[in-house]
Amino acid sequence: MTDVSLGMPQLPAPDYPPEVRARLEADAAEIISRYPGARSALLPLLHLVQSEEGHVTRTGMAFCARQLGLTTAEVNAVATFYTMYRRKPSGDYQVGVCTNTLCAVMGGDAIFETLQEHLAVGNDETTEDGKVTLEHIECNAACDFAPVVMVNWEFFDNQTPESAVRLVDDLRAGREVEPTRGAPLCTFKETARILAGFPDQREGAVAASGGAGPASLVGLRYAKGENPHPRVVHPRPVSTRQQEEAAPRTPAEQPPAGHPSSHDAPQETSASDPAHPAGPTAEEGE
């Protein structure tokens, strides 16, 4: 008969030391007071406990559950749903490389591969010195600055593999690094506390602001009744063939009437065919 180890049940999460718990309880009370329902404060409370240890621990989730009258299972379900909550120890600087479509084709994939090799880490792994955690992330909503790298959610625009290597080397060496736009860089724990809803106390940090690129603002300017430049990108050069096709033609050179391609022929749709008008979807059984 083969021995089967059933394992030991997981013990309850340890509590914070009394002085830490008292400090966090005061912060939690301030956060909860901002919401009409206590459970609505769960997301900022998770940021709060993340600011304490650098990731969301079992102790942190138990703390959130007690403050909000939730079960730890309910808190765990939220903490594991959002990637902004770290579930294991991570670095002082979360370096996220956008590998979504546009950033990827503009060089994001090359940046991520270069940083993996340079730092000797894989995705969602941390360097041995505990400084940098590397991860590939989805859209940063900054496509007009592609490829984009974010450090603790601050933008570093128009990156290359070479500039990204210099960036992480500076972070690990403790040299001052300035984001392309937005507030000055701070550690991941400090960022988490700001995301929990507490003001950034650093001089000039609040006044610093980001800015969208021209392509991002065209729609907004139209909505305000302004007249932005009609083109966001430079027109492409016209080829000789395009020039020939655009030249006036004699009647003998005109193509025959009709629709030689099914792609430009009108199709029988509810919008174009009176015999088949669009109408409400019939209920089942009608």
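How close do the axes of helix α3 and α4 come, and at what angle do they cross? The close-ups below begin with that pair and then visit other spots in this predicted model.

**View 1. Helices α3 and α4 cross each other.** The axis of α3, which covers residues 58-68, comes within 9 Å of the α4 axis, and the two cross at roughly 120°. Because angles from 65 to 115 degrees would count as roughly perpendicular and those over 145 as roughly antiparallel, α3 and α4 are described as oblique to each other. The crossing of α3 past α4 is right-handed.

View 2. To find F81, look in the loop between α4 (72-79) and β1 (93-98). With a relative accessible area of 61%, F81 is exposed.

**View 3. R86 and D124 form a salt bridge.** Here the two side chains meet with an N to O distance of 2.3 Å. R86 belongs to the loop between α4 and β1, while D124 belongs to the loop between α5 (101-119) and β2 (125-126), so this pair ties together parts that are 38 residues apart in sequence. Is R86 buried or exposed? R86 counts as buried, at 6% relative accessibility, whereas D124, at 27%, counts as partly exposed.

**View 4. R175 pairs with D170.** In this salt bridge the closest N and O atoms are 2.7 Å apart. Both partners are partly exposed: R175 has a relative accessible area of 48%, and D170 has one of 23%.

**View 5. R21 and D15 meet in a salt bridge.** Their side chains come to 3.0 Å, N to O. R21 is partly exposed, with a relative accessible area of 26%, and D15 is partly exposed too, at 41%. A search of the whole structure finds 15 salt bridges, including this one between R21 and D15.

**View 6. A183 and A205 come together in space.** How far apart are A183 and A205 in sequence, and how far in space? They are 22 residues apart in sequence and 5.3 Å apart in space, going from C-alpha to C-alpha. A183 can be found in the loop between α6 (161-173) and α7 (188-195). This alanine, A183, is buried, with a relative accessible area of 16%.

Definitions and conventions
Residues are numbered from 1 along each chain as its sequence is written. This is a predicted model: local features need pLDDT of at least 70, side-chain atom pairs count only at pLDDT 80 or more; totals for chains, interfaces and linings use all residues. Side-chain values use heavy atoms; hydrogens and water are left out. Helices (H or I, at least four residues) and strands (E, at least two) are DSSP runs, numbered from the N terminus. Buried means under 20% relative accessible area, exposed over 50%, partly exposed in between (1.4 Å probe, protein chains only). Axes are lines fitted to C-alpha atoms, for helices over the stretch in contact, and angles run from 0 to 180 degrees between N-to-C directions. Angles under 35 degrees count as roughly parallel, over 145 as roughly antiparallel, 65 to 115 as roughly perpendicular and the rest as oblique. A crossing is left-handed if the near helix is turned anticlockwise from the far one by less than a right angle, and right-handed if clockwise. A salt bridge is a side-chain nitrogen of Lys or Arg within 4 Å of a carboxyl oxygen of Asp or Glu.
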